[in-house]
Amino acid sequence: MIDGCDREIDHLRLSLTDYCNLACRYCAPAGAAPPAQMIDRRFAEALVRWLSVRQGIRHLRLTGGEPLLYPHLIPLVRSFAALPTLPEITLTTNGSALAQYAGPLRDAGLTRVNISLDTIDAERFAFITRGGKIEHTLVGVEKAVALGLSPVKVNMVVQRGFNDDELVNVARWALSAGCVLRFLEVMPLGPSAHVMDKHLVSADEIIARLSEHFELRAIPQTLGQPAVDYAVSSDTVSGTLGIIAATTRPFCDRCRRLRITSKGAVVACIHDDRRLDLTCCWDGERLDETRADAILFDSVMNKPAEGKRSQSLPMIALGG
Ligand code: SAM
């Protein structure tokens with residue numbers, strides 16, 4: 001699939017539900033959550049089959065909300081893994097239920113996992129996630145590493161005043177746990193975008209701070225990869241750290257992504273409010289692929305060359 005700017009689109013992020021058991025401050029708006037939305041399992045299967053077999057999607061990331069809370073997750077992963085056109089199936093999770101699901105997910109064909117963890121301090125974790133318990137996520141990380149869902153990547157959204165004093169501690173912890181750590185710049189979007197702006201810590205600052213403690217050697221980027229990775233070493237630990245600078249160094253020119261929300265809307269650009277409904281192509285049994293092709297064409301051909309910063313949905317509804 002080639003978009004209107006000649007970018008190949010082969011990565012799909014599918015949000016299975018907009019419900020999450022945590023409510024991270026930069027991801028979920030304050031106040032009561034709207035009623036949970038789960039994508040219909042057979043609709044999700046039909047969408048992924050169509051997108052992979054007919055439209056060239058090769059990498060699938062399951063997300064949410066919290067994808068581990070989706071009731072049909074394991075059979076869904078098994079059905080995706082049976083598609084010869086889909087070599088990579090990954091999942092982004094808060095890890096709180098991963099100790100229970102990592103084994104069944106690996107057996108069903110999940111390739112690897114990204115786990116979100118912004119701090120290794122229990123009190124801060126509870127504050128950032130509005131009530132989460134860090135120990136659940138830590139055992140989830142351990143289990144994923146032990147089962148070889150690797151490389152296990154830990155995502156840390158860096159926020160000034162919340163966790164920016166923990167860059168080095170989290171890096172040491174992640175490397176000794178056998179994980180790749182990715183520092184994410186916070187992306188201001190949704191109703192609280194103006195608040196997130198105030199907490200942004202730039203990639204330049206993150207690198208400068210890390211360089212005081214580690215020797216960083218840039219690893220050449222693979223095509224379309226948004227993260228800049230570094231091989232790091234210090235007296236005590238070594239491994240890989242990466243930075244995703246989606247805000248200060250947007251990678252729109254290399255973006256290969258398409259998103260589908262748990263409401264069945266296709267989103268070509270995370271920074272653009274345009275969403276096109278695909279549920280009109282689903283009659284409860286069959287996907288009208290001809291109609292879906294036309295909607296997808298409209299979405300992909302109008303994927304903006306650069307993010308317009310007009311996204312009204314919070315990340316929890318978009319799928320990260
Ligand atoms: N519940 C899962 C989790 O916690 O990983 C999956 C959904 S979450 C929306 C996916 C990813 O988006 C997480 O790594 C989260 O930290 C990241 N994220 C959420 N809001 C963000 C924001 N405003 N800026 C940058 N990353 C964000």
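Predicted model: local features only at pLDDT ≥ 70, side-chain atom pairs only at ≥ 80, totals over all residues.
Guide: A polar contact is a pair of N or O atoms within 3.5 Å.

Visitor: Why is strand S3 described as largely enclosed by the rest of the structure?

Guide: A residue is called buried when its relative accessible area is under 20%, and six of the six residues of strand S3 (residues 88-93) are buried, so the strand is largely enclosed by the rest of the structure. The cover extends to both faces, with Glu 88, Thr 90 and Thr 92 buried on one side and Ile 89, Leu 91 and Thr 93 buried on the other.

Visitor: How do you know that S3 and S4 pair, and in which sense?

Guide: Pairing requires at least two bridges between the strands, and S3 and S4 have four, in the parallel sense; Arg 112 in S4 is the bridge partner of Thr 90. The chain gets from S3 to S4 through helix H3 (residues 98-108), in a right-handed β-α-β crossover. Strand S2 (residues 59-64) also pairs with S3 in the parallel sense over four bridges, with Leu 60 opposite Ile 89, and S2, helix H2 (residues 73-81) and S3 make a right-handed β-α-β unit. Strand S4 (residues 112-116) in turn pairs with strand S5 (residues 153-158), again in the parallel sense, over three bridges, and there Ile 115 stands opposite Val 154.

Visitor: What makes strand S7 and strand S12 the edge strands?

Guide: Twelve strands form an open sheet of mixed pairing, in the order S7-S8-S9-S6-S5-S4-S3-S2-S1-S10-S11-S12. Strand S7 (215-218) and strand S12 (276-277) each pair on one side only, and they are the edge strands.

Visitor: Why is the meeting of Arg 124 and Asp 165 called a salt bridge?

Guide: The closest N and O atoms of Arg 124 and Asp 165 are 2.7 Å apart, and the cut-off for such a pair is 4 Å, so the name applies. Arg 124 lies in helix H4 (residues 122-128) and Asp 165 in the loop between S5 and helix H6 (167-176), so the pair ties together parts that are 41 residues apart in sequence. The side chains of Asp 204 and Arg 249 likewise meet in a salt bridge, at 2.5 Å from N to O. Asp 204 belongs to helix H8 (residues 203-211), while Arg 249 is in the loop between strand S9 (238-244) and strand S10 (257-260), so this pair joins parts that are 45 residues apart in sequence. The whole structure holds 18 salt bridges, and a network of them links Arg 160, Asp 164, Glu 205 and Arg 209.

Visitor: Why is Asp 204 called exposed, and why is Arg 249 called partly exposed?

Guide: Exposed means over 50% relative accessible area, and Asp 204 has 51%, so it passes that limit. Arg 249, with 37%, lies between 20% and 50%, and it therefore counts as partly exposed.

Visitor: What makes Asp 3 buried?

Guide: Asp 3, in the segment before strand S1 (11-17), has a relative accessible area of 3%, which is under 20%, so the residue is buried. A polar atom of the Asp 3 side chain lies 2.8 Å from the backbone nitrogen of Cys 5.

Conventions:
Residues numbered from 1 in each chain as written. Heavy atoms only, no water. Helix = DSSP H or I, 4+ residues; strand = E, 2+ residues; numbered from the N terminus. Buried < 20%, exposed > 50% of the residue type's maximum accessible area, 1.4 Å probe, protein only. Right-handed = clockwise from strand over helix to strand, strands pointing away. Polar contact = N/O pair within 3.5 Å; in protein donor to acceptor, adjacent residues only side chain to side chain.
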